[in-house]
Amino acid sequence: MHEKDEKRMIDFKDIPDKLVKSIDASTLIIIGDKDLVTLAHAIEMHRLITNSQLAIIPGGSGEYLGELTALKPGDTGIDLPVIPIIENFLNKKSKFN
């Protein structure tokens with residue numbers, strides 16, 4: 001898995017702003033304040049995608065997504081701060097479908 005992730009990152013081609021701007025679906029951008037992706041990048045994505053919401057969660061992605069290797073002893077991952085944010089986003093969007 002490590003080698004596949006490494007190759008994906010090395011071979012990654014940036015997505016042109018014009019293509020990102022063309023996204024018209026409701027979009028929830030979630031990032032940790034200590035994530036690998038920079039806050040500046042997430043804010044730029046939010047700026048480019050007209051119908052987007054941005055959620056900045058404390059911690060790195062493994063922590064706020066409940067990754068097993070990031071959980072502390074005794075944590076179940078059930079009380080993750082990101083869950084209500086995702087549910088709220090999905091519930092608001094489902095009312096209009």
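**Strand pairing and the largest pocket**

Strands β1 (27-32) and β2 (residues 52-57) pair in the parallel sense over six bridges. Pairing requires at least two DSSP bridges between two strands. Helices (H or I, at least four residues) and strands (E, at least two) are DSSP runs, numbered from the N terminus. From β1 the chain passes through α3 to β2, a right-handed β-α-β crossover. Right-handed denotes a clockwise path from the first strand over the helix to the second, with the strands pointing away from the viewer. Gly32 stands opposite Ile57 in β2.

The model is predicted; local features need pLDDT of at least 70, side-chain atom pairs count only at pLDDT 80 or more, and totals for chains, interfaces and linings use all residues. Residues are numbered from 1 along each chain as its sequence is written, and side-chain values use heavy atoms, without hydrogens and water.

Thr27 belongs to β1. Its relative accessibility is 18%, so Thr27 counts as buried (under 20% relative accessible area, 1.4 Å probe, protein chains only). A polar atom of the Thr27 side chain lies 2.8 Å from the backbone oxygen of Ala25.

The largest pocket has a volume of about 660 Å³. A pocket is an open set of points on a 1 Å grid where a 1.4 Å probe fits, with protein on both sides within 12 Å along at least five of seven lines; lining residues have an atom within 4 Å of a point. The volume is the space filled by probe spheres set on the points, which are joined across faces, edges and corners. The lining comprises 21 residues, with Phe12, Ile31, Val37, His41 and Met45 closest to the centre. Helix α3 contributes the most, five residues.

Terms used. Buried means under 20% relative accessible area, exposed over 50%, partly exposed in between (1.4 Å probe, protein chains only). A polar contact is a pair of N or O atoms within 3.5 Å; within protein, one must be able to donate a hydrogen and the other to accept it, and residues adjacent in sequence count only if both atoms are side-chain atoms.
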